[in-house]
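Please look through the sequence and the structure below before reading the report. Keep them at hand while you read.

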Amino acid sequence: LVAMLVTVIGTLRAPQVRRPVAQESSLASQLRGVASDKAFLSLAAAYVLHMLAQSASSAMLAYVGKYLSPLGGNFLIISFGVSTTASIVAMAVWPVIGRWLSKRQCFITGSLIGALGYLVCTYGLVHSTPLLILGSVMCGAGFAAGQLFGFSLLPDVIDARRARRATHDDGAFTGVWVGLEKLGLALGASAAGLAIGWFGFIASTGETVSQPPMALSAMLWLYGYVPAVLMSLAVWPLMTSSLKSMEARASFSAE
């Protein structure tokens with residue numbers, strides 16, 4: 001409630017610039033425009049990969065803590081708590097880095113940091129608690145970069161299209177963006193759950209059941225290795241020429 005009130009009150013006197021619209025377009029036409037915008041598709045692909053990685057790894061936290069980590073119940077507190085705290089702190093740090101790097105470059109850097117973080121977490125899971133904490137910090141920083149620069153680049157994509165086409169289809173872009181975000185979060189968690197089932201996970205209530213080696217391996221891969229691959233793949237769409245051409249207009253501002 002407070003966050004929404006601050007947003008409303010803070011923008012009450014913001015100037016509104018109205019540009020002429022060539023013609024009103026139907027919802028279907030707007031959605032076709034979204035689907036044909038290469039810059040948007042590239043940015044959305046990178047963001048969805050971030051959501052898939054985050055969702056799959058988060059879905060495995062309780063399983064990893066119960067069946068793989070020597071920390072037991074403390075694993076979830078350490079891993080989730082550290083990564084969440086790190087992501088909040090990183091939200092303030094990334095804008096500072098954005099003074100020297102473009103938004104796209106920060107998104108790429110954050111993706112690589114997050115991917116490496118998942119690998120560090122996977123190694124530290126069994127071998128070193130300090131490394132587990134370090135990896136969780138890196139994962140939090142990577143997640144924050146995806147959130148901050150994904151949502152920061154989206155208005156740039158919309159502005160670029162408006163300048164080219166003189167159309168007001170902002171709602172279509174933001175609607176599809178939020179829909180893809182929810183889809184990525186849902187698919188990552190559900191696919192991870194189905195995967196450990198396919199590999200023989202034995203459900204139980206109350207007492208801990210000895211799990212087959214394949215199910216334990218699936219937990220480990222879905223916790224660290226698969227998210228690392230997904231975060232690494234997010235770099236590829238961010239390297240497309242459609243997003244590179246926007247860099248001059250997409251310099252980050254902390255204001």
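The report below goes from the overall fold to single residues.

## Overall make-up

This is a predicted model. The protein contains 10 helices and zero strands. Read from the N terminus, the order of elements is α-α-α-α-α-α-α-α-α-α. The C-alpha trace spans about 65 × 40 × 40 Å along its principal axes.

Of the 255 residues in the protein, 42% are buried. Taking the contacts with a separation of 6 or more, 78% are between residues 24 or more positions apart.

## Confidence of the model

The mean pLDDT of the protein is 88, and 92% of the residues reach at least 70. Among the elements, the lowest mean pLDDT, 81, belongs to helix α2 (residues 27-36), and the highest, 96, to helix α9 (residues 235-238).

Over residues 250-255 the pLDDT stays under 50. The model has 11 contacts beyond four places in sequence for residues 250-255. Where pLDDT is low, predicted coordinates should not be read in detail.

## How helices α3 and α4 cross

Helix α3 covers residues 38-67 and helix α4 covers residues 74-97. Their axes come within 8 Å and cross at roughly 140 degrees. The crossing of α3 and α4 is right-handed.

On the α3 side, the contact is made by L61, A62, V64 and G65. On the α4 side, F75, L76, S79 and F80 take part. By type, the residues of this contact are six nonpolar, two polar and no charged.

## The loop between α3 and α4

G73 sits in the loop between α3 and α4. Is G73 buried or exposed? G73 counts as exposed, because its relative accessibility is 62% and the cut-off for exposed is over 50%. G73 and A62 are 11 residues apart along the chain, and their C-alpha atoms are separated by 8.6 Å.

Y67 lies in helix α3. Y67 has a relative accessible area of 17%; buried means under 20%, so Y67 is buried. Apart from neighbours within four places in sequence, Y67 is in contact with F201, S204, T208, V209, Q211, L216 and M219. One of these contacts, L216, is 149 residues from Y67 in sequence, while the C-alpha atoms of Y67 and L216 are 7.4 Å apart in space.

S57 is also placed in helix α3. With 6% relative accessibility, S57 counts as buried. Leaving out residues up to four places away in sequence, S57 touches Y118, L222, Y223 and P227.

## The salt bridge

How many salt bridges does the structure hold? The structure holds one salt bridge. The side chains of D156 and K103 form this salt bridge, with a distance of 2.6 Å from N to O. D156 belongs to helix α6 (residues 129-165) and K103 to helix α5 (residues 103-127), so the pair ties together parts that are 53 residues apart in sequence. Side chains of opposite charge can pair when their charged atoms come close. Is the pair of D156 and K103 buried or exposed? Both D156 and K103 are buried.

Technical notes
Residues are numbered from 1 along each chain as its sequence is written. This is a predicted model: local features need pLDDT of at least 70, side-chain atom pairs count only at pLDDT 80 or more; totals for chains, interfaces and linings use all residues. Side-chain values use heavy atoms; hydrogens and water are left out. A salt bridge is a side-chain nitrogen of Lys or Arg within 4 Å of a carboxyl oxygen of Asp or Glu. Helices (H or I, at least four residues) and strands (E, at least two) are DSSP runs, numbered from the N terminus. Buried means under 20% relative accessible area, exposed over 50%, partly exposed in between (1.4 Å probe, protein chains only). pLDDT is the predictor's confidence in each residue, from 0 to 100. Contact means heavy atoms within 4.5 Å. Axes are lines fitted to C-alpha atoms, for helices over the stretch in contact, and angles run from 0 to 180 degrees between N-to-C directions. A crossing is left-handed if the near helix is turned anticlockwise from the far one by less than a right angle, and right-handed if clockwise. Ala, Val, Leu, Ile, Met, Phe, Trp, Tyr, Cys and Pro count as nonpolar, Asp, Glu, Lys and Arg as charged, and the others, Gly among them, as polar.
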